[in-house]
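Subject: Structure handover

Hello,

The structure is placed below, followed by notes on what was found in it. Please read the notes with the coordinates open.

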Amino acid sequence: MSRGFVKEEDQEEAPVIPPRAALPNGVTNYVTPGGYEALEQEQRDLENQRGIIKTDNETEDRRAKAVIDGKLKLLAERRASARIIHPNQQPEDEVRFGAKVKLKNHSNNSLQQFQIVGVDEANVKQQKIAFVAPIAKAVTGLKVGQKTEFKLGNETRVLEVLAIDY
């Protein structure tokens, strides 16, 4: 049938599903145990939201459910690829996934603290950065007292590991 014979109200645009945090191709999806629990909670929350969608408009119901279904699909893929890393099983004297790291920036004498976590757990406000972040890559493998050069734009910073905690 020609598109000329389709009613306009029957032509729905596909809903836009927001993407999840970027995980580079070929990179293992590491998560902390808490991060995996958060993914499970997110699934429960989305399923609950889907169950209570009720509007006066059938089209709006369908769109809202399609958005949630899209999010659930992306979430299922992320959960299926997750590899849980227990921080307490990491070498205590070395910066690895799950580590809480305290750094000194010798370029400006400032201190910085963060935990290295999975991409879905990263939250700058909570001082959690993804293991694929450049600064996390720069300090991974270092021990207390070791320094590394970290390029940030045109600037090169000298970072020293002051403390590691799991």
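The buried residues of helix α2 pack against β1 (29-31), α1 (33-51) and β2 (82-84). Helices here are DSSP runs of H or I with at least four residues, strands are runs of E with at least two, and both are numbered from the N terminus. Buried stands for under 20% relative accessible area, exposed for over 50%, and partly exposed for what lies in between, with a 1.4 Å probe and protein chains only. Packing and touching refer to contact, that is, heavy atoms within 4.5 Å.

On provenance: this is a predicted model, in which local features need pLDDT of at least 70 and side-chain atom pairs count only at pLDDT 80 or more, while totals for chains, interfaces and linings use all residues. Residues are numbered from 1 along each chain as its sequence is written, and side-chain values use heavy atoms, with hydrogens and water left out.

Helix α2

The buried residues of α2 are Asp61, Ile68, Gly70, Leu72, Leu75 and Arg78. The helix covers residues 58-81, 24 residues in total, and spans 35 Å from its first C-alpha to its last, close to the expected 34 Å (1.5 Å times one less than the number of residues). At its start, a side-chain oxygen of Asn57 comes to within 2.7 Å of the backbone nitrogen of Thr59.

The sheet

An open sheet is formed by 5 strands in the order β5-β4-β3-β7-β6, with mixed pairing; two strands pair if DSSP finds at least two bridges between them. β5 and β6 (147-152) are at the edges with a single partner strand each, so one side of each has no neighbour in the sheet. Neighbouring strands are turned by 45 degrees against each other on average, direction ignored (axes are lines fitted to C-alpha atoms, for helices over the stretch in contact, and angles run from 0 to 180 degrees between N-to-C directions).

β3 runs antiparallel to β4, with 6 bridges, and antiparallel to β7, also with 6 bridges. Lys100 has Gln115 as its bridge partner in β4 and stands opposite Asp165 in β7. β3 and β4 make a hairpin with 4 residues between them, and Asn109 in the turn has a positive phi of about 60 degrees.

Glu160

Glu160 lies in β7 (residues 155-165) and counts as buried because its relative accessibility is 15%. Lys147 stands opposite Glu160. The side chains of Glu160 and His106 are joined by a polar contact of 2.6 Å (a pair of N or O atoms within 3.5 Å; within protein, one must be able to donate a hydrogen and the other to accept it, and residues adjacent in sequence count only if both atoms are side-chain atoms).

Cores

The largest nonpolar core has 21 residues, of which Val95, Val101, Leu103, Phe114, Ile116 and Val139 touch the most other members. A nonpolar core is a set of buried Ala, Val, Leu, Ile, Met, Phe, Trp, Tyr and Cys residues joined through side-chain atoms within 4.5 Å. Two or more residues each come from β3, β4 (110-117), β5 (128-130), α3 (134-139) and β7. The largest share, 4 residues, is from α3. Another core, of 8 residues, lies apart from it and includes Tyr36, Leu46, Ile53 and Leu75.

Regards
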